[in-house]
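Here are my notes on this one, in numbered points. Have it open beside you as you read.

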Amino acid sequence: MSTTAARAGRPATDTAARSGSRPKRHYGTHIFLTVMAVMWLVPLGWSVFTALRPVASTNEHGYFSLAGAFNFDNFIQAWSQGGFATYFWNSVIITVPAVLVTLFLASLMAFAVSRVNWKFNITLLIMFTAGNLLPPQVLAAPLFEMAKHFEVPYSFSDSGNMLNTYIVVIAVNTAFQMGFCTFVLSNYMKALSSDLTEAALVDGAGIWRQYREIILPLCRPAFAALGTLQVIFIYNDYFWPLLFIQSGNRLPITTAINNLQGQFLNNYNLLAAGAVITVIPTLVIYLLLQRQFVAGLTLGSSKG
Amino acid sequence: MAAQFDASAAAYPTRRTILKTVGVGAAGLAGIPFLAACTGGSGPSATGSDSPGLTFGSGSSDDVPKRAYQAVTDAFTAKTGKTVTTNVVPHNDFQNKINSYLQGSPDDTFTWFAGYRMQYYAGKGLLAPIDDVWESIGANYSDALKKASTGPDGKLYFVPNYNYPWGFFYRKSLWAEKGYEVPETFDALKALATKMKADGIIPIGFADKDGWPAMGTFDYVNMRLNGYQFHVDLCAHKESWDQQKVSAVFDTWSELLPFQDPAALGQTWQDAAKALEAKKTGMYLLGSFVTQQFTDPAVLADIEFFAFPEIAMEGRDAVEAPIDGLLLSKKGGENKAARDFLAFLGTAEAQDAYAAVDSSNIATAKGTDTSKFTPLNKTCADTIANAKYISQFFDRDALPAMANNVMIPALQSFIKDGKMDVKNLEAQAKTLYAAQ
Amino acid sequence: MSSTARELIPPESREPEGASAKRGRTRKARGGRVRRLSGRDKVVLSLMVGIPTLIELTLVWLPMLMSVGLSFTRWNGLDLGDIRPAGLDNYQYISQDYPPFWPAVQHNMLWLLFLALVATPLGLLLAVLLDQNIRGSKIYQSIFFAPVMLSLALIGIIWQLFYQRDNGLLNFLLGTAGTPQAVDWFGDSSVNIWAAMVAATWRHAGYVMLLYLAGLKGVDPSLKEAAAIDGANGYQTFFRVVFPAMRPINIVIVVITIIESLRAFDVVYVINRGTNGLEMLSALVIQNLVGEGQVIGVGSALAVVLLVISLVPIVFYLSRTFGKENKA
């Protein structure tokens with residue numbers, strides 16, 4: 001930690017000593033940061049680089065040269081051969097309902113807990129938050145068996161039980177993410193002025209109206225932040241679809257990418273293209289909604 | 001907690017409007033996935049008699065076998081007009097998830113193997129018996145194959161497609177060039193390997209990243225040292241692992257270890273096949289499917305085969321020749337089209353269609369076209385036909401949990417440091433077999 | 001709440017500064033005078049609480065109890081009638097006879113130490129450096145934070161391309177690509193755990209950096225100025241004044257680090273399914289549950305071990321977080 005202190009110490013002294021009136025020279029810091037940033041970009045950059053080179057080019061010149069053509073062949077091939085369209089749609093089928101249901105239920109819970117004084121408030125919050133922190137593998141076997149033994153008619157699920165359905169993945173994702181969202185939303189709602197609901201109470205509004213017409217609109221920013229976060233979390237979730245979905249063509253993209261490893265085998269260019277294609281949605285969301293995402297993370301992680 | 005108020009109030013309304021519009025749009029679009037999720041989970045199963053088609057789950061994900069099965073399904077559709085929806089899953093994943101696959105919503109029919117690995121699932125009631133299918137195809141198969149297709153309850157479950165021998169493959173031209181000769185005994189094999197090493201070639205190709213290929217060496221050393229019956233009994237845990245006979249297997253194998261490719265744990269069998277092609281390794285112990293990796297016809301013509309040398313017992317009477325074929329899932333048992341497909345596969349016509357694309361294996365049905373057999377095919381076919389005993393492969397003869405959870409890591413650590421704790425193998429085996 | 005969170009609340013609905021303490025007291029004082037909830041209200045409220053709670057109970061807490069229960073049985077996962085009691089056999093098995101168990105525990109500990117001693121300080125360092133409003137800090141932030149966007153499974157694949165023995169960039173940079181000295185970073189069991197941890201650090205450091213940045217913004221600048229006036233140098237300012245002031249964030253970081261290290265499943269599973277040097281408790285659980293050799297009893301025993309280890313940071317976090325609330 002001494003190097004940390006050394007680096008942290010120098011700039012901090014600068015700040016303290018010069019109180020920000022003159023532009024600072026942070027050469028050391030800049031050099032360090034630039035080096036780190038370059039190192040940080042290398043893995044993803046390498047994937048993109050490899051993906052842009054057709055296999056013929058790498059077979060001829062090797063993977064490390066700049067010679068040869070650069071085109072999007074691999075992407076096109078990976079997309080069609082890999083069946084990405086199906087996988088992306090599966091991701092949408094899982095992510096969108098899961099996020100919406102999670103936010104809805106979490107807001108219900110958060111409202112009840114924050115607006116109404118209950119004895120069990122803390123207990124419930126604890127229960128929810130702890131549920132969110134558990135490693136999912138702990139619950140894998142019982143959930144699998146529960147899904148398997150939960151018989152449903154064939155018209156609802158072609159397995160006769162809840163295995164291999166989207167609904168079970170959505171439900172489990174909801175249960176797991178609800179804790180975090182409840183916690184964040186309850187903090188957020190608590191910070192809202194209670195004058196608003198007092199006014200509503202005077203007007204004779206019931207709990208549901210308070211919730212729907214007053215608190216919900218005010219929570220939109222938190223929903224935006226949490227929603228962005230949840231979309232990325234659930235889109236990136238690898239484990240639950242791995243456990244519950246067996247049919248290859250029902251997997252969402254993040255879990256399906258593992259299959260692509262087996263499918264594209266030694267064709268690293270295709271594999272790289274597939275990986276880049278998978279990354280694109282999250283990067284797009286990140287660049288567009290970075291503010292929301294960051295707010296969502298910090299909302300939950302720093303307790304108000 | 002100290003909070004800082006950021007004077008961003010001015011920017012606020014704009015953000016709000018954006019979020020509002022986005023929110024409304026998102027809400028509208030969100031309805032679609034909800035509906036898709038509801039219907040996506042279902043899928044009317046084609047029960048009863050005349051269904052328009054069937055689903056076929058295939059773990060044959062490598063290029064050549066995939067196309068071969070495509071040829072079979074095409075031939076079936078051309079003949080009967082029923083459609084076959086093939087779902088291909090990468091080979092290792094398919095095997096790995098077979099347990100949950102069968103308990104979830106499996107396809108009507110799927111590729112699998114003969115041996116205890118099939119009987120295990122039949123015994124658990126996850127497969128549909130196909131005695132009626134065998135009524136029509138029974139004549140096409142030998143008794144041995146029929147026996148291999150039978151479940152623990154005496155009913156038939158499996159339709160064999162092809163089988164293939166495990167043995168040493170090598171490049172004729174390289175051996176001719178260096179003056180190597182086919183070894184008949186284990187000592188001759190060691191001498192040959194020493195010679196190869198001196199010549200700068202890795203004597204025995206080896207790849208065990210996937211965990212199962214190393215079992216081939218184990219099986220052969222065991223059968224050659226202790227006999228076929230002991231091997232079968234050991235797989236069924238009728239013999240204990242904690243005995244001198246088993247230790248002897250590993251002691252003998254450790255004499256071969258220095259000659260086997262040291263990079264084994266980091267490469268797949270496809271990688272090792274490439275190494276054989278590139279003449280970097282002298283010989284490779286694998287099943288005949290190794291030839292699927294050789295796309296150059298000149299290389300294919302150069303490949304030769306010899307059986308594992310004899311060590312102590314029963315000469316070279318025992319051959320490891322796994323049988324691959326199709327099974328019917330419980331649900332698929334109700335689909336007549338699926339039964340027809342299985343019956344079709346049991347005919348020479350279908351197996352010829354398969355072999356036309358994938359010639360690395362030997363078809364099992366009688367009357368298939370052997371005219372296009374290469375000399376290598378002939379050698380393989382003769383090896384199987386002349387074998388006194390046929391084993392399936394460790395992970396098909398033993399309990400799945402034993403093969404996957406115990407043997408794979410144990411063999412991988414044996415490859416790494418040459419030591420094997422047979423006492424521990426026995427302790428684990430006891431627990432696992434008891435848990436069934 | 002952090003500043004970013006605060007600024008998301010529309011100004012008209014925000015609590016005036018300093019009102020929170022008052023509100024707490026007033027709320028309690030008003031507690032007795034809140035209008036009684038109507039019958040309809042009570043129904044709505046119970047549904048609002050009941051439905052989420054029911055879901056949480058059945059999908060999280062009930063399975064957890066079932067995991068514990070199943071760890072004392074022998075079962076192959078197929079027929080409910082096949083469950084047979086086994087006492088402590090499974091635990092004895094995993095601790096004595098099951099070869100990957102202790103290596104997995106070691107690896108989990110190693111993962112935790114690596115994240116705690118390498119990834120987290122790195123994140124802190126980056127946060128401190130970027131907190132100074134230097135030019136381009138937004139760009140740096142975006143770069144360092146980008147891997148957090150990616151799922152760990154995808155990170156495993158991207159780094160495989162980087163670590164590949166003959167065609168990966170790392171061996172090329174080291175000059176060993178294509179030679180016999182080339183190290184197979186993910187295939188060689190003596191180095192692959194380190195290689196995987198570096199990949200995990202790539203993501204974890206960015207996450208920690210972000211949290212610390214938020215925390216640093218929340219530290220009152222007057223504290224730093226006061227320390228400077230008192231003659232404290234950089235080190236002392238940071239470690240004795242700033243760092244302790246970020247206590248809530250520190251707690252979160254500690255918990256997140258521990259939880260992430262216990263969850264290290266995706267990366268190792270994608271590489272080689274958690275075998276050959278990458279054994280982790282979570283991967284072992286799945287091997288016994290979803291793999292071809294399904295042994296539910298052993299898998300559940302492993303899951304319980306994982307659960308017990310996880311409960312330590314969870315309880316720590318909950319007592320810190322909710323303990324304060326109770327006192328407030």
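1. Chain C has 328 residues, and 52% of them are buried (20 or more other C-beta atoms within 10 Å of a residue's own; exposed is 12 or fewer, partly exposed is in between, and C-beta atoms are placed from the backbone). Its secondary structure comes to 15 helices and 2 strands, taken as DSSP runs numbered from the N terminus (H or I over at least four residues for helices, E over at least two for strands). Among contacts in chain C with a separation of 6 or more, 65% join residues 24 or more positions apart; a contact here is a pair of C-beta atoms, placed from the backbone, within 7 Å.

2. A word on provenance: this is a predicted model, where local features need pLDDT of at least 70 and side-chain atom pairs count only at pLDDT 80 or more, while totals for chains, interfaces and linings use all residues. Residues are numbered from 1 along each chain as its sequence is written, with chains lettered from A and ligands numbered from 1 in the order in which they are written.

3. Now the interface of chain C with chain A. On the chain C side 103 residues are in contact with 103 residues of chain A. Helix 3 of chain C (residues 39–70) gives the most to that side, with 19 residues. By class, the chain C side divides into 69 nonpolar, 23 polar and 11 charged residues (nonpolar: Ala, Val, Leu, Ile, Met, Phe, Trp, Tyr, Cys and Pro; charged: Asp, Glu, Lys and Arg; polar: the others, Gly among them).

4. On to chain B. Here we have 436 residues, of which 51% count as buried, and a secondary structure of 20 helices and 12 strands. Residues 24 or more positions apart make up 81% of the chain B contacts with a separation of 6 or more.

5. Chain B splits into domain 1 (53–163 + 323–367) and domain 2 (166–320 + 393–434), with bounds from an automatic or database domain assignment. Their C-alpha centres lie 28 Å apart. Across the boundary, 13 residues of domain 1 are in contact with 10 residues of domain 2. On the domain 1 side, helix 2 (63–80) and helix 5 (116–123) of chain B are the elements that give two or more residues, and helix 5 gives the most, with 3. That side has 6 nonpolar, 4 polar and 3 charged residues.

6. Which residues are buried in helix 11 of chain B? In this helix (residues 228–235), they are Y228(B), H231(B), V232(B), L234(B) and C235(B). They sit on the same side of helix 11 because they cover an arc of only 160 degrees around the axis, counting directions from the helix axis to the C-beta atoms. Their cover includes helix 10 (214–226), strand 9 (318–320), strand 12 (389–391) and helix 18 (394–397) of chain B.

7. Two backbone spots to look at. Most residues other than glycine have a negative phi. Just after helix 11 of chain B, however, H237(B) takes a positive phi of about 60 degrees. H237(B) lies in the loop between helix 11 and helix 12 (244–256) of chain B, and is partly exposed, with 17 other C-beta atoms within 10 Å. K279(B), also not a glycine, has a positive phi near 60 degrees. K279(B) lies in the loop between helix 13 (269–277) and strand 7 (281–287) of chain B, and counts as partly exposed with 16 C-beta neighbours inside 10 Å.

Technical notes
Two residues are in contact if their C-beta atoms, placed from the backbone, lie within 7 Å.
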